[in-house]
Amino acid sequence: ANFFLSGTAAVISKTASAPIERVKLLLQNQNELIKSNRLSTPYSSAYDCIKRTFVNEGIKSFWRGNLTNCIRYFNYQALNFTLKEKI
């Protein structure tokens, strides 16, 4: 039961913070996005990044890649909490 509950808590927290992570990654990689012609001009701020991403890609894009993160993180956190309790 603890395995499932701790994994579920990890997935919920990852999903809640996914938009922040996505914006962070877009800001960090904007130079590469410009070089590959996926971004026309640099973002002027985090707000600009959020606004342009929402307008160009829609609300769902803020959770792009979240499923993969959740699958990976579920196992890691579930094992982490379960094994810490045993030790």
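Here, buried means under 20% relative accessible area, exposed over 50%, and partly exposed in between, with a 1.4 Å probe and protein chains only. By that scale, E32 comes out as partly exposed at 49% relative accessibility. The model is predicted, so local features need pLDDT of at least 70 and side-chain atom pairs count only at pLDDT 80 or more, while totals for chains, interfaces and linings use all residues. Residues are numbered from 1 along each chain as its sequence is written, and side-chain values use heavy atoms, with hydrogens and water left out.

Charged pairs come next. Side chains of opposite charge can pair when their charged atoms come close. A salt bridge is taken as a side-chain nitrogen of Lys or Arg within 4 Å of a carboxyl oxygen of Asp or Glu, and by this rule the count comes to five salt bridges. One of them joins R22 and E57, at 3.0 Å from N to O. This pair links distant parts of the chain, with R22 in helix 1 and E57 in helix 3, 35 residues apart. Helices here are DSSP runs (H or I, at least four residues), numbered from the N terminus, as are strands (E, at least two). R22 is buried, with a relative accessible area of 15%, whereas E57 is partly exposed at 38% relative accessibility. E57 also meets R64 in a salt bridge, at 2.8 Å from N to O. Through shared partners, salt bridges join R22, E57 and R64 into one network.

K35 is exposed, with a relative accessible area of 63%. In the loop between helix 2 and helix 3 there is N37, a residue other than glycine with a positive phi, near 60°. N37 counts as exposed, at 70% relative accessibility.

A pocket is found on a 1 Å grid over the protein atoms alone: it is an open set of points with protein on both sides within 12 Å along at least five of seven lines, whereas a cavity is a set where a 1.4 Å probe fits but cannot get out, and lining residues have an atom within 4 Å of a point. Grid points are joined across faces, edges and corners, and a volume is the space filled by probe spheres set on the points. On that basis, the largest pocket holds about 390 Å³ of space. It is lined by 21 residues, and the closest to its centre are R22, L25, L26, E57 and R64. Helix 1 (2-28), helix 3 (46-57) and helix 4 (66-86) are the elements that give two or more residues to the lining. Helix 1 gives the most, with seven residues. By class, the lining has seven nonpolar, seven polar and seven charged residues, where Ala, Val, Leu, Ile, Met, Phe, Trp, Tyr, Cys and Pro count as nonpolar, Asp, Glu, Lys and Arg as charged, and the others, Gly among them, as polar.

On to the rings. A pair of aromatic rings is described by the distance of the centres and the angle of the planes. Rings of Phe, Tyr and Trp (its six-membered ring) pair if their centres lie within 6.5 Å, and planes under 30 degrees apart count as stacked, over 60 as edge-to-face and the rest as tilted. The structure holds three aromatic pairs. Among them, F3 and F74 are edge-to-face, at 6.0 Å centre to centre with 85° between the planes. F3 lies in helix 1 and F74 in helix 4, so the pair ties together parts that are 71 residues apart in sequence. F3 is partly exposed, with a relative accessible area of 34%. Ring pairs link F3, F4 and F74 into a cluster.

Another residue with a ring, Y73, has K14 over its face, at 4.5 Å from the ring centre; a charge sits over a ring if NZ of Lys or CZ of Arg is within 6 Å of the ring centre and within 35 degrees of the ring normal. A78, in helix 4, is buried at 0% relative accessibility. A78 and S6 are 72 residues apart in sequence but 5.1 Å apart in space, C-alpha to C-alpha.
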